[in-house]
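Subject: Structure handover

Hello,

Please find the structure below. My notes on it follow.

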Amino acid sequence: MNNEKILAHVRMFVLREKLLCPGEPLHLAAAVSGGADSMALLRILLALQPEFGFVLSACHVNHGLRGAEADRDEAFCREQAGKLGVRFACLHTDVKALAQQEGVSVEVCGREVRYRFFESLLEEGEGTILTAHHGDDNAETMLMNLVRGTSLLGLCGIPRQRGRILRPLLRVSREEIEQYCAARGLAYVTDSSNLTDEYGRN
């Protein structure tokens with residue numbers, strides 16, 4: 001799928017699934033980690049902005065897990081948002097300490113922290129949060145649910161919408177996202193935790 005086809009594909013998906021409607025005065029906040037998927041999401045939304053008419057901002061969570069690398073990711077996201085003229089919101093937290101306090105895994109705690117942050121942004125007036133979950137994430141989630149033992153609901157994978165949290169890239173693969181970034185010369189960072197066996201998803 002080439003550069004223009006990805007944009008058209010995402011546009012068709014959000015229209016067909018009624019995730020976004022042209023002319024609807026929404027405030028969208030794109031959740032950005034600095035990785036290829038979220039940087040692609042931010043640029044795709046900017047490309048769709050003239051037609052749909054939404055206001056766009058970006059949000060980031062520094063989980064405090066990777067020291068200088070986490071700070072690098074935050075600085076990168078802040079810089080990219082600034083270059084694009086997009087307002088930037090960031091949450092700093094110590095997920096490891098919080099996970100110990102709550103008696104859950106770091107992975108589970110990190111996810112809960114992110115979604116609590118998203119909810120707080122919605123309460124402050126952001127209309128909708130968009131995450132960069134893509135087709136490979138969806139397949140991985142379905143496989144993990146199957147291995148763990150799941151109901152039919154678990155085999156449905158990641159929902160395209162959860163309240164006011166939308167996932168417009170679910171029909172795009174990781175490979176297509178990387179090709180999109182390469183074609184547009186988009187910079188992104190790599191999270192070293194994705195390269196270890198410490199977390200269940202990996």
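Helix α2 bends by about 25° at leucine 46, and a proline, proline 50, follows within four residues. The bend at a residue is the angle between axes fitted to the seven residues ending there and the seven starting there. Helices (H or I, at least four residues) and strands (E, at least two) are DSSP runs, numbered from the N terminus.

Two points on the source. This is a predicted model, in which local features need pLDDT of at least 70 and side-chain atom pairs count only at pLDDT 80 or more, while totals for chains, interfaces and linings use all residues. Residues are numbered from 1 along each chain as its sequence is written, and side-chain values use heavy atoms, with hydrogens and water left out.

Helix α2

The 17 residues of α2 (residues 36–52) should span 24 Å at 1.5 Å a residue, and the end C-alpha atoms are 23 Å apart, which agrees. The expected span here is 1.5 Å times one less than the number of residues. Several residues of α2 are buried, including Ala36, Met39, Leu42, Leu45 and Phe52. Buried means under 20% relative accessible area, exposed over 50%, and partly exposed in between (1.4 Å probe, protein chains only). The buried residues of α2 pack against α1 (3–16), β1 (27–31), β2 (55–62), α3 (68–84), β4 (128–130) and α7 (174–184); contact means heavy atoms within 4.5 Å. After α2 comes glycine 53, with a positive phi near 80°.

Strand β1

Five of the five residues of β1 are buried, so the strand is largely enclosed by the rest of the structure. His27, Ala29 and Ala31 cover one side, Leu28 and Ala30 are on the other, and all are buried. β1 pairs with β2 in the parallel sense over five bridges; two strands pair if DSSP finds at least two bridges between them. Histidine 27 has valine 55 of β2 as its bridge partner. From β1 the chain crosses through α2 to β2, and this β-α-β crossover is right-handed. Right-handed means that, with the strands pointing away from the viewer, the path from the first strand over the helix to the second runs clockwise. β1 also pairs with β4, again in the parallel sense, over three bridges. In that pairing, alanine 29 stands opposite isoleucine 129 in β4.

Salt bridges

A salt bridge is counted when a side-chain nitrogen of Lys or Arg is within 4 Å of a carboxyl oxygen of Asp or Glu, and by this rule there are ten. Aspartate 73 bridges to arginine 66, with the closest N and O atoms 2.8 Å apart. Aspartate 73 is buried at 2% relative accessibility, whereas arginine 66 is partly exposed at 25%. Arg66, Glu69, Arg72 and Asp73 are linked in a network of salt bridges.

Arginine 78 and glutamate 74 meet at 2.9 Å, N to O, and both lie in α3, four residues apart, about one turn of the helix. Arginine 78 is partly exposed at 41% relative accessibility, and glutamate 74 is buried at 8%. Lysine 83 and glutamate 79 form a salt bridge with the closest N and O atoms 3.6 Å apart; these two residues also lie in α3, four residues apart. Lysine 83 is exposed at 60% relative accessibility, and glutamate 79 is partly exposed with a relative accessible area of 43%.

Regards
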